[in-house]
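Look at the model from a few angles before you read on.

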Amino acid sequence: MFRRICQSWALALLLLWPTIGAAGALERDERAAQPAPPTSLSEAVERFVPGFVPDGSFGNARLLKGEHKVISRNVMAGVTYALVAFSERSTDVDAYVMVQRLSGLEKVAQDHDADGYPVVLWRATESIVVEFHVVQAGVGGDVGWAILQDPVGWAQARLAQDEVEARWLALSARAFARWHEAGRATEWAVAGPQLIEWTVPVKAGRCMGIGAVGSASVLGLDLQLLDESAYERSRDTRPGPDAAVMTCASRDMSVLVRAAVTAGNGRLKFFQVERGF
């Protein structure tokens, strides 16, 4: 019996030996070693986000322990962005992305690894202003950073949008940077002169905005917001195929949206957004 047990153990060891040998060989293989950390910000960018292009210039600052560098930047829906930071002293540096929500700022992407070269990748789902944070988590020192974007993603995002959608992305980034879409967009085929009216409820403590964008053939578009007493609360009569109006309410109320196509014809799309006071 004892001999049979010894034979079983010997057979098991014999079967395991190739695996053990392979593991030992892997540990000694230079290809299995951890790569050396980058030695510069440009090397970190080239290594971790190859093909990305700068979205603005690179930056650098001397940060004490716990200090934040906050970079606000307009982003475009559908585009992938990268935040890369680097500390020459190899101190612990963190990075993350903050987006404004109805409940406040929300962290949507982060790199809190204990190293001096954080890399954060994040794909924007809407065209808004976001905050890119670089944090000195270790001892103080100089920290460099770069915000980049995927040019392929940028091209795809632009090509995926038709003319009217592209105009809305530009208008929302300019007029409603920290607002959130509320409700479904409405599209009309229009021929000026034409007047379109509808009512929209606004809750107490909230702000409501209406954006209107038309195709290039819509030559004139005016927007107006009127309250229940016909008092004008907002107006946009700038020339061109887009307009934006907004108002805030201290009580529950309804407002009348009045859109006037003064010249031209084509597609017209209305978007509703909201935010808190």
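Start with a charge and a ring. Lys107 lies over the face of Tyr96, 4.1 Å from the ring centre. A charge counts as sitting over a ring if NZ of Lys or CZ of Arg is within 6 Å of the ring centre and within 35 degrees of the ring normal.

Some ground rules come next. This is a predicted model, in which local features need pLDDT of at least 70 and side-chain atom pairs count only at pLDDT 80 or more, while totals for chains, interfaces and linings use all residues. Residues are numbered from 1 along each chain as its sequence is written, and side-chain values use heavy atoms, with hydrogens and water left out.

The structure holds six aromatic pairs. Rings of Phe, Tyr and Trp (its six-membered ring) pair if their centres lie within 6.5 Å; planes under 30 degrees apart count as stacked, over 60 as edge-to-face and the rest as tilted. Take Phe48 and Tyr117: their ring centres are 5.9 Å apart and their planes are at 0°, so this pair is stacked. It links distant parts of the chain, 69 residues apart. Phe48 is in helix H2 (residues 41-48), and Tyr117 is in the loop between strand E6 (104-111) and strand E7 (119-123). Helices (H or I, at least four residues) and strands (E, at least two) are DSSP runs, numbered from the N terminus.

How open are these two residues? Phe48 is partly exposed at 32% relative accessibility, and Tyr117 is partly exposed at 23%. The cut-offs are these: buried means under 20% relative accessible area, exposed over 50%, and partly exposed in between (1.4 Å probe, protein chains only).

Compare another pair. The ring centres of Trp168 and Phe176 are 6.2 Å apart, with planes at 40°, so the pair is tilted. Trp168 is buried, at 4% relative accessible area. Phe176 is buried too, at 2%. Ring pairs also join Trp168 and Phe176 with Trp179 and Phe271 in a cluster.

Trp168 leads on to the largest pocket. Which residues lie nearest the centre of this pocket? They are Glu126, Ser127, Trp168, Leu169 and Glu181, out of 15 lining residues. The volume of the pocket is about 210 Å³. How is such a space found? Rolling a probe the size of a water molecule over the atoms shows where empty space is left. Here, on a 1 Å grid over the protein atoms alone, a pocket is an open set of points where a 1.4 Å probe fits, with protein on both sides within 12 Å along at least five of seven lines; lining residues have an atom within 4 Å of a point. Grid points are joined across faces, edges and corners, and the volume is the space filled by probe spheres set on the points.

Helix H4 (163-175) and strand E17 (253-276) are the elements that give two or more residues to this lining. H4 gives the most, with four residues. By class, the lining has eight nonpolar, four polar and three charged residues. Ala, Val, Leu, Ile, Met, Phe, Trp, Tyr, Cys and Pro count as nonpolar, Asp, Glu, Lys and Arg as charged, and the others, Gly among them, as polar.

Go back to Tyr117 for a moment. Thr39 is 78 residues from Tyr117 in sequence, and their C-alpha atoms are 9.5 Å apart in space. Thr39 lies in the loop between helix H1 (2-28) and H2. It is exposed, at 60% relative accessibility. Its side chain makes a polar contact of 2.6 Å with the side chain of Glu43. A polar contact is a pair of N or O atoms within 3.5 Å; within protein, one must be able to donate a hydrogen and the other to accept it, and residues adjacent in sequence count only if both atoms are side-chain atoms.

Another polar contact, of 2.7 Å, joins the side chains of Thr247 and Arg233. Thr247 is in strand E16 (residues 242-249) and is buried, at 8% relative accessibility.

Finish with two places in loops. Ala124 is in the loop between E7 and strand E8 (129-136). It is buried, with a relative accessible area of 0%. Ala124 and Ala77 are 47 residues apart in sequence, yet 5.0 Å apart in space, C-alpha to C-alpha. Ala230 is in the loop between strand E14 (218-226) and strand E15 (232-236). This residue is exposed, at 56% relative accessibility. Its phi is positive, about 70°, although Ala230 is not a glycine.
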